[in-house]
Every structure is written in structure tokens, then in C-alpha cells.
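Subject: The model we talked about

Hi,

Here is the structure I promised to pass on. Have a look at it first, and then read on for what I found.

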Amino acid sequence: GYLTDMSANLYDTQVELLFNGTADLMRRRILSPLKRHIEQMQATTAMDVATPQPVKVLDIACGTGRTLRMIRETLPQAALYGIDLSPAYLRKANQLLSQTAGTLPQLIHANAEQLPYLDGYFEAVTSVFMFHELPAAVRQTVIDEAYRVTKPGGVFIMCDSIQALDSPEL
């Protein structure tokens, strides 16, 4: 049922309840290191480029778009991209992101095991609350893909949570 419209409509409320109202606080933990890295990268390359291009940031398993919304507020000039396995969640993300001003991220239905982007395309890649959902054998594949699409010197930031019932071995 994770890929349904019903699941997409309930997800944010369920996650907030699961984390006792701290899910957005957990999501925001990626913002400071992301912004710091982008600012450092831009300061380093500012003299090398006459017309700087927007920084490209990918959110893997973007779900309902809450993390992308936070990234857009933090880095309003960034070109944002999101992928998710669920078309229903992508519809919900588009709905959420359309409610506030700003350029809409490019949202694509895709599997994180085979990201549909060129090597080194993004300055930054993020992922929030995905890895605990993946089978153990798939986690490394997704990490490898994230690094493949991240430019040399770029950054991959993830935030996740493990509940005892999700992965007792962890």
C-alpha cells in the first residue's frame, strides 16, 4: 500500500505521529550541512566561472515533497530534482510544492537503484527516511548510485531512522 494515493495522503501525518511531532525537525537536519557545502563550493568556484550555473540538488525518494520544500526555502536559486518510486507520492509532492512560490522541482518517477541521470550531474544529493525501507542488499546499490550522480567534490547527505521492528539486526 506504500505506492497508493491513500498512502501519499496519510504519509506526512503518520510520520509526524510516529516521531512525536519531530519528523520535520529531523528533515531539517540536512539543511545546514547542505547549505554550508553549497556555499563553500560556490565560493571556491566563483572565480572560475563567468556566469555561474544554478546548483543542482537531487532528493532521492522525495515522497510528498516536504524535504524539497525545505531545500527550496533554504536554497531558492538551486535547481531542484526529486525522484520517487511512487507516482502517487509524486502527485502529492507536486500538489504540496505548488502551494508556495518558487520554481517547481523536476519530479521523476524512478527507482533509486538506477538513477536516470548522468554521472556527476548534481552538486548535492539528499535522501530522507528511505534507507530503512530498503532491503539490506539494495542499500549499497542506492549509495553507489547516489555517488555516481554526484559531482566530484559534491555531497551526499542522508537522514534516516531505524525502529527496532524495522531492522532488529541494526
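A word on terms before the details: two residues are in contact when heavy atoms of theirs lie within 4.5 Å. Please also keep in mind that this is a predicted model.

With that cut-off, let me start at S127, a residue of strand β4. Leaving out residues up to four places away in sequence, S127 touches D59, I60, F156, I157, M158 and C159. S127 is buried, and its relative accessible area is 1%.

Now for the chain as a whole. The protein chain has six helices and five strands, and their order along the sequence is α-α-α-β-α-β-α-β-β-α-β. How does its radius of gyration fit a compact globule of 170 residues? The rule gives a value near 15 Å and the protein chain has 16 Å, which agrees. Along the principal axes, the C-alpha atoms fill a box of roughly 50 × 35 × 30 Å. Of the 170 residues, 46% are buried. Among contacts with a separation of 6 or more, 75% join residues 24 or more positions apart.

The accessible surface of the protein chain is about 9,400 Å², and carbon and sulfur atoms account for 56% of that. There are 14 positive and 18 negative side chains, with 6 Å between the centres of the two sets.

In general, an α-helix has 3.6 residues a turn, so residues three or four places apart point the same way.

E113 sits in the loop between β3 (106-109) and β4, and, neighbours within four places in sequence aside, E113 is in contact with V138, T141, V142 and E145. At 33% relative accessibility, E113 is partly exposed. For a sense of distance, E113 and G153 are 40 residues apart in sequence, and their C-alpha atoms are 22 Å apart in space.

Seven of its nine residues are buried, so α4 is largely enclosed by the rest of the structure.

Last, two backbone details for you to check. Most residues other than glycine have a negative phi. N20 is not a glycine, yet its phi is positive, at about 50°. N20 lies in the loop between α1 (5-18) and α2 (23-28), and is exposed, with a relative accessible area of 70%. A61 also has a positive phi without being glycine, near 60°.

Best wishes

Key: Residues numbered from 1 in each chain as written. Predicted model: local features only at pLDDT ≥ 70, side-chain atom pairs only at ≥ 80, totals over all residues. Heavy atoms only, no water. Helix = DSSP H or I, 4+ residues; strand = E, 2+ residues; numbered from the N terminus. Rg over C-alpha atoms; globule rule 2.2 N^0.38 Å. Buried < 20%, exposed > 50% of the residue type's maximum accessible area, 1.4 Å probe, protein only. Areas by Shrake-Rupley, 256 points an atom, 1.4 Å probe, with all protein chains shown as cover. Lys, Arg positive; Asp, Glu negative; His and termini not counted. Charge placed at Lys NZ, Arg CZ, Asp CG, Glu CD.
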